[in-house]
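Subject: Structure for your files, with notes

Hello,

Please find the structure below. My notes on what was found in it follow.

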Amino acid sequence: MSRVKWITAAAIVLSIAFAAERANACSATQTQVYQSATSVWCVEKSVIAQHGAFPSAFFAFGDNVIKELVDLFGVPAQGVYTFEASVPNGSAHTGSECCGLGVTVTGDAFYGSAYGATGFWGYLLALHETINDFTGQVTSGWPTDFWADHISAFPNSMDWHIMGTLGTMDHDANLTAAGVAQKARFYPGGDSVDPRVPMFDAIFALPNMGYPGWSRIFGFVHGDALGWDNLGVANPDEKRSEYVAAYVSLGAGNSVLSILQSANVCNGKPDGVSGDPTYTCKQANIDAIATAHCSIAAAAAQGKNVMADRAALKAGSYAAVAAKGACGAGCPAECGCKSSQNLCVAPWLGDSVADGGANDGGGDSGVANDGGAILDAGIDGGESPDGSPNGASPDADAASGCGCRASRDGATEASLFAASLIAALALVRARTRSRARRR
């Protein structure tokens with residue numbers, strides 16, 4: 001095929017993709033009030049009729065949230081995100097109802113004030129669900145008893161950190177105040193006290209953590225191609241939580257089990273949700289999982305065949321990992337060296353730091369994700385973080401409450417064509433994604 005034909009064909013495919021992008025921007029009952037290269041805002045006409053013009057402050061906020069999450073967590077954006085302000089229904093979830101990629105928030109959340117901050121619930125719920133969207137791109141199936149779904153301690157912690165970061169960056173006193181208020185809600189004296197939020201705050205505050213730490217953690221999980229739902233256990237479950245604890249510990253450089261257990265996570269105490277099992281995570285298992293990550297990465301970099309070991313780790317059979325990576329070049333920076341045995345191990349089990357040499361991708365060397373594509377992990381939506389009943393409305397004058405804890409109370413010519421085709425299909429896919437299933 002001639003160059004002209006290749007380029008023409010590519011242009012046709014791309015034009016179809018962009019047409020789909022425009023056609024699916026908002027539903028017939030909505031008004032598109034904003035669009036940028038990053039986001040689209042769709043607002044139900046009935047919401048505008050009842051509450052007035054949609055507050056424009058949320059537009060820059062939405063763009064900033066996407067950019068910040070891409071940067072802070074090393075998870076690339078999958079396309080243009082839709083923020084959908086739905087008919088007031090007291091709920092918020094991942095996946096826009098009109099357009100697939102994005103989030104949906106009850107429309108009345110964007111009006112009025114709460115906790116001394118104008119538009120508090122709109123900022124919070126839009127951010128909260130977008131955080132879930134991005135972590136879901138790393139893998140689905142985070143533990144429901146302390147991370148996300150009916151208990152959402154991770155996003156509830158990250159909400160106030162990110163609002164504070166954006167408030168400072170934009171010199172926005174109102175957004176800063178919203179961040180302060182969100183934090184206070186979960187600490188003693190707040191209306192939604194939950195020790196699991198301070199637990200994540202304590203992990204965030206560790207010397208080697210903060211935003212870079214979480215970026216490393218997500219990079220390790222992605223590098224090892226892990227999916228929590230592929231471990232062969234239920235959710236929640238001891239093994240699932242031990243895997244998460246092991247990878248968080250790799251990012252922090254030390255085991256975080258004691259921090260988890262101090263907040264009644266992984267320590268045999270009930271989580272407060274009827275039907276959830278109680279279990280106690282074991283340090284020996286966390287050590288073995290983290291060391292399996294280090295052993296596989298080092299052994300692969302040192303020329304050994306680790307295919308079976310990778311498969312075992314991904315399937316939850318970490319005890320079957322037989323790879324023995326040596327100290328020195330190839331032992332990733334996040335790991336340690338047990339000199340007496342010449343083994344690359346979890347950092348807290350070593351007597352010296354790792355060499356941090358060549359890494360074949362089986363594990364991140366401590367550098368944030370470089371923006372490479374992360375496959376869609378099947379993001380689920382519709383969460384009700386703690387399973388609690390709807391509380392007070394997002395706005396003092398609204399009749400509905402929000403049905404999640406965040407809202408409770410208050411890539412020759414042929415190759416050119418191929419690259420264009422891939423980009424086009426990605427755009428089409430992003431706009432025609434079906435609404436995420438509820439967890």
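Is Cys 281 buried or exposed? Cys 281 counts as buried, because its relative accessibility is 3%; buried means under 20% relative accessible area, exposed over 50%, and partly exposed in between, with a 1.4 Å probe and protein chains only.

Before the rest, two notes on conventions. This is a predicted model, in which local features need pLDDT of at least 70 and side-chain atom pairs count only at pLDDT 80 or more, while totals for chains, interfaces and linings use all residues. Residues are numbered from 1 along each chain as its sequence is written, and side-chain values use heavy atoms, with hydrogens and water left out.

Disulfides

The structure holds six disulfides, a disulfide being a pair of cysteine sulfur atoms within 2.5 Å. With the bonded cysteines of the protein chain numbered in sequence order, the pairing reads 1-2, 3-4, 5-6, 7-10, 8-11, 9-12.

Cys 281 is joined to Cys 266, with an S to S distance of 2.2 Å. The torsion about this S-S bond is about -40°, so the disulfide of Cys 266 and Cys 281 is left-handed. Cys 266 and Cys 281 both lie in the loop between α10 (257-262) and α11 (283-301), so the pair ties together parts that are 15 residues apart in sequence. Helices here are DSSP runs of H or I with at least four residues, strands are runs of E with at least two, and both are numbered from the N terminus. Cys 266 counts as buried, at 4% relative accessibility.

Cys 294 and Cys 335 form another disulfide, their sulfur atoms 2.0 Å apart. The S-S torsion of Cys 294 and Cys 335 is about -90°, so this disulfide is left-handed. The pair links distant parts of the chain, 41 residues apart: Cys 294 is in helix α11, and Cys 335 is in the loop between α12 (307-314) and β8 (336-338). Both Cys 294 and Cys 335 are buried.

In the disulfide of Cys 331 and Cys 344, the sulfur atoms are 2.0 Å apart. The link of Cys 331 and Cys 344 is right-handed, with 80° about the S-S bond. It links distant parts of the chain, 13 residues apart, with Cys 331 in the loop between α12 and β8 and Cys 344 in strand β9 (residues 343-345). Cys 331 is buried, with a relative accessible area of 1%, and Cys 344 counts as buried at 0% relative accessibility.

Strands

Strand β3 (residues 81-86) has six of its six residues buried, so it is largely enclosed by the rest of the structure. Tyr 81, Phe 83 and Ala 85 point one way from β3, and Thr 82, Glu 84 and Ser 86 point the other way.

Two strands pair if DSSP finds at least two bridges between them. Strand β2 (residues 39-44) runs parallel to β3 and is joined to β3 by five bridges; Ser 39 has Tyr 81 in β3 as its bridge partner. β3 and β5 also run parallel, joined by five bridges, and Phe 83 stands opposite Val 103 in β5.

Thr 106 is in strand β5 (residues 100-106) and counts as buried, at 0% relative accessibility. A polar atom of the Thr 106 side chain lies 3.0 Å from the backbone nitrogen of Asn 89.

Cavities

A cavity is a set of points, on a 1 Å grid over the protein atoms alone, where a 1.4 Å probe fits but cannot get out, and its lining residues have an atom within 4 Å of a point. Grid points are joined across faces, edges and corners, and a volume is the space filled by probe spheres set on the points.

The largest cavity holds about 80 Å³ of space. It is lined by 14 residues, of which Asp 145, Asn 264, Cys 266, Lys 269 and Tyr 279 are the closest to its centre. By class, this lining has six nonpolar, four polar and four charged residues. Ala, Val, Leu, Ile, Met, Phe, Trp, Tyr, Cys and Pro count as nonpolar, Asp, Glu, Lys and Arg as charged, and the others, Gly among them, as polar.

The second largest cavity holds about 40 Å³. Its lining has nine nonpolar residues, one polar and no charged; among the lining residues are Phe 146, Trp 147, Phe 200 and Ser 241. The elements that give two or more residues to this lining are α7 (196-204) and α9 (238-252), and α9 gives the most, with four.

Regards

Terms used: Polar contact = N/O pair within 3.5 Å; in protein donor to acceptor, adjacent residues only side chain to side chain. 1 Å grid on protein atoms, 1.4 Å probe; cavity = no way out; pocket = protein on both sides within 12 Å on 5 of 7 lines; lining within 4 Å.
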